[in-house]
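Welcome, and thanks for taking a look at this one. Please have the sequence and the 3D view side by side as you read the notes below.

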Amino acid sequence: MRKTCAVAIASMLILTPAQARDAATDLRAFADAFDAAQIAQDRAALERMVADDLVFIDGSGKRYGKAFFIDGWTGADDDYDPVTLSDRVILPLGEDAGLASAETILSGRSAGKPFRVRIRFTDIFKRHGDSWQATYIHVTRMAIERE
């Protein structure tokens, strides 16, 4: 019985190649829009795009929630430079979940002072009806290599 249940569950998680392409395209579009909303400091978009029960692990390893995450991106005294993502991975995890991960240099001004940090992040998204929401975000700070 257990083996039958395990096979049934595993088969539900397997996507056909066409479904996987569609899921990856849909997921990539949401991940792109989510990244753009952060850089644009679009509070309204972030409120829609972030799940109420978000788990956010910041670069220091501390756990926070939705309000902290959104407040961190939408500070009145903050301004972000455009970002370029590298080593990006978009990975559907079935039809209703997936992750996006990448490395970037995040720079701009905070309280009038310039900043520049190198991070790797992983965003886990879950589909809610016809839309996606970020449910888990983990950021790791990395040393900036000499240029």
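Here, partly exposed describes a residue whose relative accessible area falls between the buried class, under 20%, and the exposed class, over 50%. Leucine 91 has a relative accessibility of 39%, so this residue counts as partly exposed. Please keep in mind that this is a predicted model.

- Strand β4 covers residues 86-92 and strand β5 covers residues 97-110; the two run antiparallel and are joined by five bridges.

- Leucine 91 belongs to strand β4.
- Together with Val89 and Leu93, Leu91 makes a nonpolar surface patch of about 230 Å².

**Around arginine 109**
- Arginine 109 is part of strand β5.
- Its relative accessible area is 32%, so arginine 109 is partly exposed.
- Beyond its neighbours within four places in sequence, arginine 109 touches Asp77, Asp78, Asp79, Asp81, Pro114 and Phe115.
- With aspartate 81, the link is a side-chain to side-chain polar contact at 3.0 Å.
- Tyrosine 80 is 29 residues away from arginine 109 in sequence, yet their C-alpha atoms are 6.5 Å apart in space.

Note on methods:
Residues numbered from 1 in each chain as written. Predicted model: local features only at pLDDT ≥ 70, side-chain atom pairs only at ≥ 80, totals over all residues. Heavy atoms only, no water. Pairing = 2+ DSSP bridges. Helix = DSSP H or I, 4+ residues; strand = E, 2+ residues; numbered from the N terminus. Buried < 20%, exposed > 50% of the residue type's maximum accessible area, 1.4 Å probe, protein only. Contact = heavy atoms within 4.5 Å. Polar contact = N/O pair within 3.5 Å; in protein donor to acceptor, adjacent residues only side chain to side chain. Patch = residues over 30% accessible without salt bridge, like charges linked within 9 Å, V, L, I, M, F, W, Y side chains within 5 Å. Areas by Shrake-Rupley, 256 points an atom, 1.4 Å probe, with all protein chains shown as cover. Salt bridge = Lys/Arg side-chain N within 4 Å of Asp/Glu carboxyl O.
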